[in-house]
Amino acid sequence: MNADDKIRAILRMEADAVEPSPAGWDAIQQGVASRRARPWWTFGAALAGAAAVFLGVTTYVAVTDRPQREAGVGPASPPAASVSGVPTPAPSALVQPVTDAPLDAIWPLTTRSDVTVWEADPETYPALKTAKGAALAFARTYLGIPEAEVLGKEQPGESVWEARNGTLAASQLTVRGFGTDGDAPYVVVRAHHDALLIATPKVGAYVSGVFDASGTFEGVEPAIDVHLRGDSPTISGATVRAESSANGWTARVSAAGRTGTGSLLVTAPSGLDGSVAAAAAVPVRFGQPVEPKVFVAARDGRIALLSVDNGAVVRWLTAAEPGAGASDPELSDDGKSVVYVQSAGTCASEIRSVPVGGGEPTTLVPSGDGRLSHPSRRRDVLAYARLDCAAGNARWQVVVRTGGETRREDTSEPVGPVLGERFAAYVTTDAGGRRLRTVDVLGELADSETPAPEGCTWTAAAWGPRDANGREQLFAAATCAPSTTDEPQTRLYRFDADGLNRRTVATVAVPAPAYLDFAGDLLVIGTADDAAYTYVDGTLRQVSGRAGRPTWS
């Protein structure tokens with residue numbers, strides 16, 4: 001029996017019976033590890049290709065809060081000449097290949113290669129064909145609740161299921177589809193409980209050596225256990241009893257082994273029978289983060305892959321064409337393509353998509369729909385800004401296409417939109433000043449408008465790292481009147497996914513940023529004059545050269 005046959009047998013047994021065997025977890029770990037006997041490399045912290053994937057700001061496999069992005073920038077392509085005419089190093093010199101990119105999911109599939117194996121043979125684990133099946137298998141096998149039941153609504157993309165242990169609501173499970181259209185395989189990416197929260201480590205954080213896990217609890221037994229689990233025998237986890245106090249729980253945990261994926265599970269027992277009363281879990285990665293090396297941006301009317309180190313062109317993704325050229329790139333949700341605007345004149349433009357690994361562009365929105373800008377794509381949802389050139393008042397709209405439906409919102413000239421998991425966000429100007437708007441792409445929840453803080457003006461928005469409980473967060477930049485300096489300040493703020501609960505993040509020395517994008521905790525900031533900056537852990541650095549709307553992942 002080869003490695004793939006072994007894991008198929010193990011997973012099929014677990015899925016069909018959906019009964020946790022005493023050795024089930026260890027057997028699954030060993031089976032998964034047997035086909036991961038090759039090194040992989042990723043970067044990033046906390047913050048969502050089977051073959052020939054690369055990690056580096058946007059055309060790499062970026063492990064971020066967005067759903068896993070992947071790209072195929074192959075080292076076989078010849079080096080491109082930089083704008084100055086100086087030859088650029090070959091892509092392989094700037095981008096390190098990876099063979100197994102994390103999904104920031106908990107169990108049982110945690111990397112892109114896991115997804116590929118499952119897609120080749122869904123009977124490997126039939127429970128993952130539906131979101132409910134994935135949630136039920138997770139509750140009974142990973143959480144160890146033999147008679148668990150789950151309640152929720154089946155839907156593509158992301159859904160939430162309540163895992164019940166008898167009369168107890170043991171955990172809220174977030175299930176995400178990692179198929180091309182947000183469908184199967186479905187995998188649990190987060191386990192949450194309001195009474196048992198994990199503050200550290202954050203979702204997707206790197207752990208190594210001895211580290212502190214912490215959180216809060218309320219209304220549950222204080223005998224809290226913390227389980228660090230690795231997805232490979234080369235990674236050793238641990239189970240420790242947390243120390244409890246009035247302020248919460250803490251645990252000193254030891255992580256040993258090589259790089260790889262894993263998860264941190266926290267459980268509190270029932271006072272009646274000692275079974276699981278509350279459970280929370282987040283995915284983690286073992287090892288140390290490595291900063292990405294490349295990103296995508298517009299330059300000289302073309303879309304290019306650029307080096308973070310020196311701003312040189314690593315690869316051109318589009319050819320030069322007559323007209324105003326290509327602009328406004330954004331890496332698509334699955335990371336395999338870049339959406340951008342190809343303009344042939346003042347009001348003649350198309351929205352196109354080009355494969356990151358090389359290939360011909362395809363047209364998503366044909367010419368004739370007005371002046372288009374700021375395309376953003378997530379699974380089957382496409383959003384963009386549109387100027388109706390035929391209208392006498394030069395009317396702008398934000399357009400959201402979901403499946404076969406199109407929604408249009410009249411607005412002044414917007415910056416954005418950018419798509420999140422449920423909401424599209426953009427900055428616009430009305431009679432009350434510049435406002436940050438969030439729009440439900442399904443048209444079910446109320447839209448939200450957020451005025452800028454006093455003395456400030458909104459300039460750009462982006463979806464960034466999740467909070468400690470895995471919830472998506474919206475980030476926005478604002479230019480504010482100077483306080484103790486002679487120059488205006490740029491402040492970064494963060495919000496809940498619906499644009500509420502504003503909190504200040506940082507102040508950065510970037511003049512009037514026009515674009516933001518995240519790769520893990522690493523932020524790229526672009527300005528209207530095509531300057532680009534990176535910002536991570538309080539350090540701001542300007543990237544050499546020009547980069548129009550820099551986009552990461």
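**Notebook: charge pairs, a disulfide and a surface patch**

I began with Arg-422, which forms a salt bridge with Glu-444, the closest N and O atoms being 2.9 Å apart. A salt bridge here is a side-chain nitrogen of Lys or Arg within 4 Å of a carboxyl oxygen of Asp or Glu. Arg-422 lies in the loop between strand S28 (415–419) and strand S29 (423–430), and Glu-444 in the loop between strand S30 (433–440) and strand S31 (448–451), so the pair ties together parts that are 22 residues apart in sequence. Strands (E, at least two residues) and helices (H or I, at least four) are DSSP runs, numbered from the N terminus. I noted that Arg-422 is partly exposed, at a relative accessible area of 26%, whereas Glu-444 is exposed, at 60%. Buried means under 20% relative accessible area, exposed over 50%, and partly exposed in between (1.4 Å probe, protein chains only).

I recorded the basis of these entries: the model is predicted, local features need pLDDT of at least 70, side-chain atom pairs count only at pLDDT 80 or more, and totals for chains, interfaces and linings use all residues. Residues are numbered from 1 along each chain as its sequence is written, and side-chain values use heavy atoms, with hydrogens and water left out.

**Further salt bridges**

I found a count of 25 salt bridges. Side chains of opposite charge can pair when their charged atoms come close.

I looked up Arg-352, which forms a salt bridge with Glu-321, with 2.8 Å between the closest N and O atoms. Arg-352 is in strand S22 (residues 348–355) and Glu-321 in the loop between strand S19 (313–316) and strand S20 (325–331), so the pair ties together parts that are 31 residues apart in sequence. Arg-352 is buried at 14% relative accessibility, while Glu-321 is partly exposed at 34%.

I then examined Glu-330 and Arg-549, a salt bridge whose closest N and O atoms are 3.3 Å apart. This pair links distant parts of the chain, with Glu-330 in strand S20 and Arg-549 in strand S40 (residues 548–551), 219 residues apart. Glu-330 is buried, with a relative accessible area of 5%, and Arg-549 is buried at 6%.

I also noted a network of salt bridges that links Arg-407, Glu-409, Arg-435, Arg-437, Asp-447 and Glu-449.

**The disulfide**

Which cysteines does a disulfide join? I found that Cys-456 is joined to Cys-480, with an S to S distance of 2.0 Å. A disulfide is a pair of cysteine sulfur atoms within 2.5 Å, and a search of the whole structure finds one. Cys-456 lies in strand S32 (residues 456–464) and Cys-480 in strand S33 (residues 473–480), so the pair ties together parts that are 24 residues apart in sequence. The torsion about the S-S bond is about 110 degrees, so the disulfide is right-handed. Cys-456 is buried at 11% relative accessible area, and Cys-480 is buried at 2%.

**The surface and the whole chain**

I located a negative surface patch formed by Glu-119, Asp-181, Asp-183 and Asp-380. Patches are made of residues with over 30% relative accessible area and no salt bridge; like charges are joined within 9 Å, and nonpolar side chains (Val, Leu, Ile, Met, Phe, Trp, Tyr) within 5 Å. Asp and Glu count as negative, Lys and Arg as positive, and His and the chain ends are not counted. The place of a charge is NZ of Lys, CZ of Arg, CG of Asp or CD of Glu. Asp-181 lies in the loop between strand S5 (168–177) and strand S6 (186–192) and is exposed, at 52%.

Of its 553 residues, 58% count as buried. The chain exposes about 21100 Å², of which carbon and sulfur atoms supply 51%; accessible areas come from the Shrake-Rupley method with a 1.4 Å probe, and for residues only the protein chains shown count as cover.
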